[in-house]
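Good morning, and thank you for making the time.

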Amino acid sequence: MRSAVDDLVSPHPLGERMPSVYTDDDFTQRFTQALDEVIAPVFTVLDCFAAYLDPRLAPDDFVDWLAQWVALDLDENWSTAQRRELVARAVRLHRFRGTRRGLAEHVWLLTGGRVDIADSGGVSISARPDGPVPGSSPAHVLIRVRVPNPDAVDRARITAAVRRMVPAHVATTIEVTT
């Protein structure tokens, strides 16, 4: 069985960099060729390191590692395209985390559907302590997702993702319709 790097050529062969006394020595040249085969993948990775940091170009397993770097919890059942897009947009998602806009964008990335959110919360200020609390009680978020095929949406995974984005005391309802 051949690996993907069997015929990989080193961009910097060691035999060519040896002192001139060793360039004609057959043993030294064969020995350095063996080392070149081992080192060639390392050079390739280092030359392409910028691509490893781009979630749209990085190898699939590296995308999960990048997700940890940007504090994203990825579900292993999400498609590769969804995982890459979430990691690519992580900074933006974190910027709007805890807001209606951030929640809507996150759900849109996971479903591809039109997302409408209604929540019971509110914000107000008062010059007096013990003023009325804004919004209705109990706290609740209703998320409506409109997609062409509601049966294709895994509600359990979407619910788990939404639960990680809203405060623990807020009840959530997710409706997926056409």
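This is a predicted model: local features need pLDDT of at least 70, side-chain atom pairs count only at pLDDT 80 or more; totals for chains, interfaces and linings use all residues.

Let us begin with Ala71, which counts as exposed because its relative accessibility is 54%; here buried means under 20% relative accessible area, exposed over 50%, and partly exposed in between, with a 1.4 Å probe and protein chains only. Residues are numbered from 1 along each chain as its sequence is written, and side-chain values use heavy atoms, with hydrogens and water left out.

Ala71 sits in the loop between H4 and helix H5 (80–88). Helices (H or I, at least four residues) and strands (E, at least two) are DSSP runs, numbered from the N terminus. The phi angle of Ala71 is near 60°, a positive value in a residue other than glycine.

Helix H4 itself, residues 60–69, contains Trp65. At 42% relative accessibility, Trp65 is classed as partly exposed. Together with Phe49, Leu53 and Trp69, Trp65 makes up a nonpolar patch on the surface, and the four have about 430 Å² of accessible area together. Such patches are made of residues with over 30% relative accessible area and no salt bridge, with nonpolar side chains (Val, Leu, Ile, Met, Phe, Trp, Tyr) joined within 5 Å and like charges within 9 Å. The areas come from the Shrake-Rupley method with a 1.4 Å probe, and for residues only the protein chains shown count as cover.

I turn now to the charged contacts. How many salt bridges does a search of the whole structure find? The search finds 12, a salt bridge being a side-chain nitrogen of Lys or Arg within 4 Å of a carboxyl oxygen of Asp or Glu.

Arg89 and Glu85 meet through their side chains at 2.7 Å, N to O. Arg89 is partly exposed at a relative accessible area of 25%, and Glu85 is partly exposed at 21%. For Arg92 and Glu105 the N to O distance of the salt bridge is 2.9 Å. Arg92 belongs to helix H6 and Glu105 to helix H7, so this pair ties together parts that are 13 residues apart in sequence. Arg92 is partly exposed, with 33% relative accessibility, whereas Glu105 is buried, with a relative accessible area of 10%. Arg157 is partly exposed at 23% relative accessible area, and Asp154 is partly exposed at 33%. Salt bridges that share partners also join Arg56, Glu85, Arg89, Arg92 and Glu105 into one network.

Next, the empty space. Rolling a probe the size of a water molecule over the atoms shows where empty space is left. On a 1 Å grid over the protein atoms alone, a cavity is a set of points where a 1.4 Å probe fits but cannot get out, and a pocket is an open set with protein on both sides within 12 Å along at least five of seven lines; lining residues have an atom within 4 Å of a point. Grid points are joined across faces, edges and corners, and a volume is the space filled by probe spheres set on the points.

The count comes to one cavity of 30 Å³ or more. The largest cavity holds about 80 Å³ of space. Helix H6 (90–95) and H7 are the elements that give two or more residues to its lining, and H7 provides the largest share, three residues. Among the residues lining this cavity are Leu72, His94, Gly102 and Met165.

The largest pocket has a volume of about 260 Å³. Of its 16 lining residues, Gly98, Asp119, Val141, Pro167 and Val170 lie nearest its centre. Helix H7 (100–111), strand E1 (114–119) and strand E2 (140–146) each supply at least two residues of that lining.

I close with two distances. Trp108, in helix H7, has its C-alpha atom 10.0 Å from that of Val147, 39 residues apart along the chain.
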